[in-house]
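Here is a short briefing on one protein chain. Keep the sequence and the 3D view open while reading.

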Amino acid sequence: MPKIKHSRTKKPPEGFEDIEPTLLEFAQKMKDAENEPHEGKRRVESLWPIFRLHHQRSRYIYDLYYKREAISMEVYDYCLKLGYADANLIAKWKKPGFERLCCLRCIQPKDTNFGTTCICRVPKSKLEEGRIVECVLCGCRGCSSTDFTSAKKDKSKQKTPEEINIQQDSLQELQELQELQVEQTEQTSQISQIEPLTSYEKEENQNERKESE
Ligand SMILES: [Zn+2]
Ligand SMILES: [Zn+2]
């Protein structure tokens with residue numbers, strides 16, 4: 001049974017115990033993936049499940065904090081510190097175009113056979129139709145942001161007649177509202193929507209800066 005890693009100097013912040021069972025599950029799955037027999041598989045391929053689990057665990061913690069607001073900043077930082085979520089990967093997810101990035105290696109040109117960036121980063125619309133992508137680095141089947149946003153758009157296109165009626169009624173109202181909002185956003189657009197960094201993220205940023213100096 002895998003144990004859950006704890007900080008030696010700091011006791012876990014309140015609320016950490018709520019996510020501990022899920023972290024344990026991840027730990028168990030990672031162990032299983034590592035112990036899986038490799039026969040018949042290419043070496044890189046045997047690593048794919050492990051990469052996938054690392055991604056999923058980071059995503060889980062990222063969603064809990066940034067999307068669902070279900071954990072405190074202390075719990076989030078604690079998870080980053082202990083490596084349950086990858087701070088560098090999360091930093092990328094905050095950047096437009098990288099919201100769904102599978103792993104950092106897939107945007108490092110030197111690592112790929114494709115010159116610039118990994119094939120899994122290419123939007124599906126830019127590939128031959130029906131082509132199945134599976135990147136050699138991590139087995140990713142495509143993580144371009146445009147694939148996810150266009151899928152969302154398709155869904156919103158399918159509307160019931162009722163929805164369309166309601167839409168037309170409220171269109172007038174909406175236009176008036178929008179005109180009002182334009183004025184307001186012009187005033188507030190100075191304040192950008194950049195998420196404030198948590199203390200651990202700040203630390204990481206500073207370290208990075210130091211390294212590059
Ligand atoms: Zn990918
Ligand atoms: Zn890739």
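**Briefing: fold, confidence and selected residues**

From the N terminus on, the elements of the protein chain run α-α-α-α-α-α-α. That is 7 helices and 0 strands; helices (H or I, at least four residues) and strands (E, at least two) are DSSP runs, numbered from the N terminus. The model is predicted: local features need pLDDT of at least 70, side-chain atom pairs count only at pLDDT 80 or more, and totals for chains, interfaces and linings use all residues. Residues are numbered from 1 along each chain as its sequence is written, while chains are lettered from A and ligands numbered from 1 in the order in which they are written.

**Confidence**

- The mean pLDDT of the protein chain is 79, where pLDDT is the predictor's confidence in each residue, from 0 to 100. A value of 70 or more is reached by 70% of the residues.
- Residues 162-174 have a pLDDT below 50, and this stretch has 1 contact in the model beyond near neighbours in sequence. Two residues are in contact if their C-beta atoms, placed from the backbone, lie within 7 Å.
- Where pLDDT is low, the predicted coordinates should not be read in detail.

**Whole chain**

- The protein chain has 213 residues, and 17% of them count as buried. A residue is buried if 20 or more other C-beta atoms lie within 10 Å of its own, exposed if 12 or fewer, and partly exposed in between; C-beta atoms are placed from the backbone.
- Among contacts with a separation of 6 or more, 53% join residues 24 or more positions apart.

- Helix α1 covers residues 16-35, 20 residues in total. From first C-alpha to last it reaches 28 Å, close to the 28 Å expected at 1.5 Å a residue. The expected span is 1.5 Å times one less than the number of residues.
- A kink of about 30° in α1 is centred on T22. The bend at a residue is the angle between axes fitted to the seven residues ending there and the seven starting there.
- The axes of α1 and α2 (residues 43-67) come within 9 Å and cross at roughly 170°. Helix α1 is therefore roughly antiparallel to α2, a label for angles over 145 degrees. Axes are lines fitted to C-alpha atoms, for helices over the stretch in contact, and angles run from 0 to 180 degrees between N-to-C directions.
- On the α1 side, the contact residues include T22, F26 and M30. On the α2 side, they include I50, L53 and Y60.
- I50 lies in α2 and touches M30, A33 and E34, leaving aside residues up to four places away in sequence. I50 is partly exposed, with 16 other C-beta atoms within 10 Å.
- The C-alpha atoms of I50 and C138 are 8.7 Å apart, although 88 residues separate the two along the chain.

**Around α3**

- E69 sits in the loop between α2 and α3 (73-81). E69 has a positive phi of about 50° although it is not a glycine. E69 is exposed, with 9 other C-beta atoms within 10 Å.
- The buried residues of α3 are V75, Y76, D77, Y78, C79 and L80.
- Just after α3, G83 takes a positive phi of about 85°.

**P123**

- P123 is in the loop between α4 (87-93) and α5 (145-157). P123 is partly exposed, with 14 other C-beta atoms within 10 Å.
- P123 touches S144, T146 and D147, not counting residues up to four places away in sequence.

Conventions: Parallel < 35°, antiparallel > 145°, perpendicular 65-115°, else oblique.
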